[in-house]
Amino acid sequence: EREGDGFLPFAKYMADRFVTSAYFSFLELSYCAEVMLCFRAIKDFEENYDDISPALRSEKAKYIVTEYVQEGANQEVNINDGIRTRLVHTVLQRSLEDHEYTPGKDIFIALREELVSLMIYDTFLRF
């Protein structure tokens with residue numbers, strides 16, 4: 001939170017459905033809605049982790065990586081290559097090698113933090 005300029009934390013803005021809806025429309029017009037979509041998918045994964053089966057956890061994690069993270073993904077997000085490589089290896093390659101592998105609840109922390117940073121310091125400022 002920045003002091004002195006009335007800036008509210010990003011999380012407070014995102015708690016407001018009207019602001020979130022308008023921001024998402026802006027992201028669509030700016031051709032970067034995948035950032036918010038990926039963020040929402042991660043949030044859903046984390047919030048529902050304890051309520052879903054290990055198999056569904058794996059499927060949700062694979063979806064996030066194949067839809068948003070891996071190079072050439074349908075809605076590839078612009079992220080640090082180290083995060084991308086680690087997630088592709090951990091979620092996709094490891095699950096191929098070990099069919100019992102279930103990603104932990106915290107698997108996407110670095111990605112989530114990178115997406116939030118991208119939104120706060122880039123797209124949200126332009127919004």
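Q: In this predicted model, where buried means under 20% relative accessible area, what share of the 127 residues of the chain counts as buried?
A: Let's start with the cut-off: a residue is buried under 20% relative accessible area, exposed over 50%, and partly exposed in between. Applied to the 127 residues of the chain, this gives a buried share of 40%.

Q: How many helices and how many strands does the chain have?
A: Reading from the N terminus, the elements run α-α-α-α-α-α. The totals are six helices and zero strands.

Q: What box do the C-alpha atoms of the chain fill, and what part of the accessible surface belongs to carbon and sulfur atoms?
A: Along the principal axes, the C-alpha atoms fill a box of roughly 50 × 30 × 25 Å. The accessible surface of the chain comes to about 7,700 Å². The part that belongs to carbon and sulfur atoms is 50%.

Q: Among contacts between residues at least 6 apart in sequence, what percentage joins residues at least 24 apart?
A: A contact here means heavy atoms within 4.5 Å. Among contacts in the chain between residues at least 6 apart in sequence, the share that joins residues at least 24 apart is 58%.

Q: Are H2 and H3 parallel or oblique to each other?
A: Two packed helices are described by the angle between their axes and the distance between the axes. Helix H2 covers residues 17-29 and helix H3 covers residues 34-48; their axes are 8 Å apart, at an angle of about 130°. Angles over 145 degrees count as roughly antiparallel and 65 to 115 as roughly perpendicular, with angles under 35 roughly parallel and the rest oblique. H2 and H3 are therefore oblique.

Q: Which residues make the contact of H2 with H3, and how many of them are nonpolar?
A: H2 brings Thr20, Tyr23, Phe24 and Leu27 to the contact, while H3 brings Met36, Leu37 and Arg40. By class, one of the residues is polar, one is charged, and the number of nonpolar ones is five.

Q: Are Cys32 and Cys38 buried or exposed?
A: Cys32 has a relative accessibility of 10%, so this residue counts as buried. For Cys38 the relative accessible area is 0%. Both values are under the 20% cut-off, and the answer for Cys32 and for Cys38 is buried.

Q: Which residues does Val77 contact, leaving aside its neighbours within four places in sequence?
A: Val77 lies in the loop between H4 and helix H5 (81-97). Its relative accessibility is 1%, so Val77 counts as buried. The residues in contact with Val77 are Glu34, Val35, Cys38, Tyr68, Arg84 and Leu115.

Q: Is Arg84 buried or exposed, and which residues does Arg84 contact?
A: Arg84 belongs to helix H5. Its relative accessible area is 7%, so Arg84 is buried. Apart from neighbours within four places in sequence, the residues in contact with Arg84 are Tyr68, Val69, Gln70, Glu71, Glu76, Val77, Asn78 and Ile79.

Q: Which residues does Ser58 touch, not counting residues up to four places away in sequence?
A: Ser58 lies in helix H4, which spans residues 54-69. With a relative accessible area of 11%, Ser58 is buried. The residues Ser58 touches are Tyr101, Thr102 and Pro103.

Q: What distance separates the C-alpha atoms of Ile109 and Ile42?
A: Ile109 lies in helix H6, residues 109-126, and is partly exposed, with a relative accessible area of 32%. Ile109 and Ile42 are 67 residues apart along the chain, and their C-alpha atoms are separated by 8.7 Å.

Definitions and conventions: Residues are numbered from 1 along each chain as its sequence is written. This is a predicted model: local features need pLDDT of at least 70, side-chain atom pairs count only at pLDDT 80 or more; totals for chains, interfaces and linings use all residues. Side-chain values use heavy atoms; hydrogens and water are left out. Axes are lines fitted to C-alpha atoms, for helices over the stretch in contact, and angles run from 0 to 180 degrees between N-to-C directions. Helices (H or I, at least four residues) and strands (E, at least two) are DSSP runs, numbered from the N terminus. Ala, Val, Leu, Ile, Met, Phe, Trp, Tyr, Cys and Pro count as nonpolar, Asp, Glu, Lys and Arg as charged, and the others, Gly among them, as polar. Buried means under 20% relative accessible area, exposed over 50%, partly exposed in between (1.4 Å probe, protein chains only). Accessible areas come from the Shrake-Rupley method with a 1.4 Å probe; for residues, only the protein chains shown count as cover.
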